[in-house]
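Let's walk through this model together, from its overall layout down to single residues. Keep the viewer open as you read.

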Amino acid sequence: SSGINAEWPLRPGDLMTLISSSRPFIRKKAILTMYKVLLKFPDALRPAFPRIKEKLDDPDPGVQCAAVNVICELARKNPKNYISLAPVLFKMLTNSSNNWMLIKVIKLFGALMPEEPRLCKKLVDPLTNIIHSTNAMSLLYESINTLITGVPDHIPSIQLAAQKLNIMLDDSDQNLKYLGLLALNQILKHHPKYVSPLKDKIIKCLDDKDER
């Protein structure tokens, strides 16, 4: 038995022990269960946080993903409390090849950037690298969206984003086209001249049948 099931009494102290289990499956389940406990007992966050933070460096990718997921959810309520995680998150952003985890880390940075403006410049290069290299459209969109929202006056980034969004508008997937249009709308607010060359293509998108 894993020691974690629907009937298992959720005590923070027990979970703290299980988060350090030698079995990755147990560590992952303990972290995800800890999140449910923290929703009910917010005071448990202070002692639990160092353990959750440790798991961002866990050798098992599944445990890492669970820790990132929990921290993303916690940070949505109060992002400034998680600025101290920026160095380890930056390491994950530049070293991970897990697209799902990268999306979560980028979303988390999107929440942190308004709280810590110094992050904005530091994130330009890694986000630009992802935009240049990834074939995963969901990761591409998240990188573009975070870049144009967090660094709206960095012209090379805006130009690159517009080029990539142009490609998204050619995709047959209506959801991707919709996301592309949303991101172009963000650029339009600050830099309409980079969107104007795409005017005809944008108008054509309005004629597409949405099959959803």
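From the N terminus on, the elements of the protein chain run α-α-α-α-α-α-α-α-α-α-α. That gives eleven helices and zero strands, where helices (H or I, at least four residues) and strands (E, at least two) are DSSP runs numbered from the N terminus. Along its principal axes, the C-alpha trace spans about 60 × 40 × 30 Å.

Before going further, a word on what you are looking at. This is a predicted model, in which local features need pLDDT of at least 70 and side-chain atom pairs count only at pLDDT 80 or more, while totals for chains, interfaces and linings use all residues. Residues are numbered from 1 along each chain as its sequence is written, and side-chain values use heavy atoms, with hydrogens and water left out.

How confident is the predictor? The protein chain averages a pLDDT (the predictor's confidence in each residue, from 0 to 100) of 88, and 92% of the residues score at least 70. Residues 1-8 are a stretch to treat with care: pLDDT stays under 50 there, and the model has twelve contacts for them beyond four places in sequence. Contact here means heavy atoms within 4.5 Å. Where pLDDT is low, the predicted coordinates should not be read in detail.

Now to the chain as a whole. Of its 212 residues, 45% are buried; buried means under 20% relative accessible area, exposed over 50%, and partly exposed in between (1.4 Å probe, protein chains only). Among contacts with a separation of 6 or more, 58% join residues 24 or more positions apart. As for charge, the chain carries 29 positive and 21 negative side chains, and the centres of the two sets lie 5 Å apart. For that count, Lys and Arg are positive and Asp and Glu negative, with His and the chain ends not counted; each charge is placed at NZ of Lys, CZ of Arg, CG of Asp or CD of Glu.

A nonpolar core is a set of buried Ala, Val, Leu, Ile, Met, Phe, Trp, Tyr and Cys residues joined through side-chain atoms within 4.5 Å. The largest one has 73 residues, of which Phe109 and Ile187 touch the most other members. Helix 4 supplies the largest share of this core, ten residues. Leaving aside residues up to four places away in sequence, Ile187 touches Ile148, Ile158, Ala161, Ala162, Leu165, Pro192, Tyr194 and Val195.

Ser97 counts as exposed because its relative accessibility is 71%. Its C-alpha atom is separated from that of Ala111, 14 residues apart along the chain, by 22 Å.

Ser22, in the loop between helix 1 (12-18) and helix 2, counts as exposed because its relative accessibility is 70%.

Finally, find Pro197 in the loop between helix 10 (174-190) and helix 11 (199-207). With a relative accessibility of 64%, Pro197 counts as exposed. Pro197 and Lys36 are 161 residues apart in sequence and 48 Å apart in space, C-alpha to C-alpha.
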